[in-house]
Amino acid sequence: MRDEDFLAERFEAHRGQLRAVAQRMLGSVAEAEDAVQEAWVRMSRSDTTRVDNLGGWLTTVVGRVCLDMLRTRRSRAEQPLEPESPVPATVPDPEQDVLLADSVGSALLVVLDTLTPAERLAFVLHDLFAVPYDAVAGVVGKSPAATRQLASRARRRVRGAQDPDPVAPARRRELVDAFLAAAREGDFDGLLEVLYPDVVVRTEAWVTSGALAVAKGATGYGRHIVGLAAPALVEGRTGVALLREGRVERTLAFTFVHDRIAVIDITTEPARVARTDVTLL
């Protein structure tokens, strides 16, 4: 077996674990795949012959990659809803994003998005994947004691999150319709009424968080979607398809917590849109 084939085989043996870590760190299957791919690139450029615990080594590498991505995401948090130049990434799997939300819990995903990158990494690696504090400390660049405090703060916030109230399909449709109507009319207060306080909007290239920032962006962008938005199921989720000349140009898929819109996943890149299962209603 060639060296590169042997290296790839060793990596593939840990891919599932690495993907699970990255998904819970980032809350996005597409971004998780990017992080795992970056871990492979770093492994292929490193001498791992003397690494006793390759799985642990790769987990810390993925952790560092995710930490960098989360910090970059935070620096973009105030960007408007319409980016100037979306950055293409790996093709997402919205169905897997739904499974991720179900397995972790929508409320937990929302709470994780309110943590600092270091708190989120410490909590996910230690509490969800049992990575020792000493190893986590090496990723976040802090002492084990400080890392323990990061995880403790995150744990308290997560424990304080209540399970999301069930939102009936008809009510979901009402919330989405109200969101679109308020966006079209520039109704800032109307948007705040349907948005979860820590709502998160995600595209391929950026993230906006917080009801005030999302409402501000939506009032500016909403005027451009009059007459183009059609109710739809986006990979089975309550959503909206934005049409141009009868074809789907972009999609919005919604997640709900406590009778509010908590997450809006927007797909804009043409190749991604083409691979998304959209059923117009």
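## How α2 and α3 meet

Helix α2 (residues 15–26) and helix α3 (residues 29–44) pack at an angle of about 130°, and their axes are 8 Å apart. That makes α2 and α3 oblique to each other. Angles under 35 degrees count as roughly parallel, those over 145 as roughly antiparallel, 65 to 115 as roughly perpendicular, and the rest as oblique. The axes are lines fitted to C-alpha atoms, for helices over the stretch in contact, with angles running from 0 to 180 degrees between N-to-C directions. Helices here are DSSP runs of H or I with at least four residues, strands are E runs of at least two, and numbering goes from the N terminus.

α2 passes α3 in a right-handed crossing; right-handed means the near helix is turned clockwise from the far one by less than a right angle, left-handed anticlockwise. From α2, the contact (heavy atoms within 4.5 Å) is made by Arg15, Leu18, Arg19, Ala22, Gln23 and Leu26. Their partners in α3 are Val29, Glu31, Ala32, Glu33, Ala35 and Val36. Sorted by type, the contact has seven nonpolar residues, one polar and four charged. Ala, Val, Leu, Ile, Met, Phe, Trp, Tyr, Cys and Pro count as nonpolar, Asp, Glu, Lys and Arg as charged, and the others, Gly among them, as polar.

## What you're looking at

This is a predicted model: local features need pLDDT of at least 70, side-chain atom pairs count only at pLDDT 80 or more, and totals for chains, interfaces and linings use all residues. Residues are numbered from 1 along each chain as its sequence is written, and side-chain values use heavy atoms, with hydrogens and water left out.

The protein has 13 helices and seven strands. Of its 281 residues, 49% are buried; buried means under 20% relative accessible area, exposed over 50%, and partly exposed in between, using a 1.4 Å probe and protein chains only. Take the contacts between residues at least 6 apart in sequence, and 65% of them join residues at least 24 apart.

Setting aside neighbours within four places in sequence, Val62 is in contact with Leu18, Val21, Ala22 and Ala39.

## Around α7

α7 and α8 pack at an angle of about 150° with axes 10 Å apart, which makes α7 roughly antiparallel to α8. Their crossing is right-handed. Ala118, Leu121, Ala122, Leu125 and His126 of α7 make the contact with Tyr133, Val136, Val139 and Val140 of α8. Here the tally is eight nonpolar residues, one polar and no charged.

Glu119 also lies in helix α7 (residues 117–128). Glu119 is buried, at 7% relative accessible area. Beyond its neighbours within four places in sequence, Glu119 is in contact with Leu150, Arg153, Ala154 and Arg157.

## A loop residue with positive phi

Glu245 sits in the loop between β4 (237–244) and β5 (247–257). Glu245 has a positive phi of about 55° although it is not a glycine, and at 75% relative accessibility it counts as exposed.
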